[in-house]
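Please go through the charged side-chain pairs of the model shown here, with the reasoning set out step by step.

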Amino acid sequence: MTVRFSRRDTLLRTAAVAAAGLIPGGAVPGLAAPLRMLPRTGEIDAILQARVDAADVPGVVAMAATERSVIYQGAFGARSMGTAVRMSADTVFSIASMTKLLTSVAAMQLVEQDKLKLDEPAARIDPTLGSPQVLDGFDTQGAPQLRAARKPITLRNLLTHTSGFSYQLWDANVVRYNRAARNDPALPRTSLISDPGAKWAYGGSLDRVGRLVEIVSGQSLDRYFRDHILGPLRMNDTAFSLTEKQRTRQASLHLRKMNGTLVPQPLVRRTDPKTVSGGGGIYSTAPDYLTLLQALLNGGALAGKSILRPQTVALMSTNQIGDLDAGILKTTNPALSDNVDFFPGVRLRWGLGDMINIDPVPDGRSGGSLTWAGLYNTYYWIDPASRIAGVIMMQILPFADQRALNAYRLFERGIYRAHRAA
């Protein structure tokens, strides 16, 4: 089943919601700019519907926009396979590490206010980041060998994943270290896998950034997000905990079995978290998240609301790690993640919040585009050169699932074909 919205349908929906008093001011999240659909969007509909029909994905919501208008939106399939509850534009997804972009924006807002500094030791704000230990290998008995880091950890290191923190999901040495640390209380709970600034490694850096935001702002991270990003952009469906009404719109997680089939998982009612993380854990919808992407595509402002200065957005969008390679990950747990290499043969770097493809992607985004993703196969990109941003949301494990990635790639190519034809 395909769910599509014409301009007339969207305007009627906006009016109905506003009349019901459900959204302050009558603004539909993600639709602050008017809907101006690209030509040939029927081809994109057919592409995504075919992935659902083939059972490659259970359901998907996809949207794209320029800084001025939403140019595509579509919802296909079911929120949970085997049920009659269809995907819709307002379906709620767990977006995991797509939280990191919000945390990066929050940190850069505080850099603008001179409350955080990119290149000062972060331990001046959070002493727990002081005196970091680097894993220098293992001895013949398998005991970890640690040494003091040669440089302090900075906010720039944390935002670019060059701090030395690394997730065990994609780092066998961290798996080995954590196993040893569980059996030896004398070992630090966490070690770095390299000196700050020496290597790119995807890990818990943004959790630490979230804590820096809390310390200098005096607010919990969820409150800071609401007051300074989500509220101004009217991203009313983006939160670390869901209301009862939002839960009724939530998509179920699906696990990919070895034979390729998908198995829906029951929705688990999560209690409100006692603490929140800058690295993950937030929920959102495609229209909400696209609003954030539009604001960044437009230099940090949308519909009269500014969240960052244009020069800050430009800095965030620039390679910050020199010639260090980024973005390629080898899994240690295939049930949770496949190996990750989104753009084989393309040079990948990192800015202050996103991965950057230095080279253009064939039939897709321009060189210098920004992107990242969430564990359950939610993805976004921002293409400053072509003035396009896109988001696609599914709920599937493992991460980087090949069939989900294929749907993502086909969607992206369809957007650019339609854009070129406009």
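Q: Which side chain meets Arg 249 in a salt bridge?
A: In this predicted model, side chains of opposite charge can pair when their charged atoms come close. For Arg 249 the N to O distance of the bridge is 2.9 Å, and the pair links distant parts of the chain, with Arg 249 in the loop between α8 (244–247) and β7 (254–256) and its partner in the loop between α7 (221–230) and α8, twelve residues apart. The partner is Asp 237.

Q: Is Asp 237 buried or exposed?
A: Buried means under 20% relative accessible area. The relative accessible area of Asp 237 is 11%, so Asp 237 is buried.

Q: What is the N to O distance in the salt bridge of Asp 90 and Arg 79?
A: The side chains of Asp 90 and Arg 79 meet in a salt bridge, and both residues lie in the loop between β3 (70–77) and β4 (93–96), so the pair ties together parts that are eleven residues apart in sequence. Asp 90 is partly exposed at 23% relative accessibility, whereas Arg 79 is buried at 10%. The N to O distance is 3.7 Å.

Q: Which residue forms a salt bridge with Arg 347?
A: Arg 347, which is partly exposed with a relative accessible area of 46%, sits in the loop between α10 (310–316) and β12 (348–350), while its partner lies twelve residues apart in the loop between β13 (355–357) and β14 (369–374). The closest N and O atoms are 2.6 Å apart, and the partner is Asp 359.

Technical notes:
Residues numbered from 1 in each chain as written. Predicted model: local features only at pLDDT ≥ 70, side-chain atom pairs only at ≥ 80, totals over all residues. Heavy atoms only, no water. Salt bridge = Lys/Arg side-chain N within 4 Å of Asp/Glu carboxyl O. Helix = DSSP H or I, 4+ residues; strand = E, 2+ residues; numbered from the N terminus. Buried < 20%, exposed > 50% of the residue type's maximum accessible area, 1.4 Å probe, protein only.
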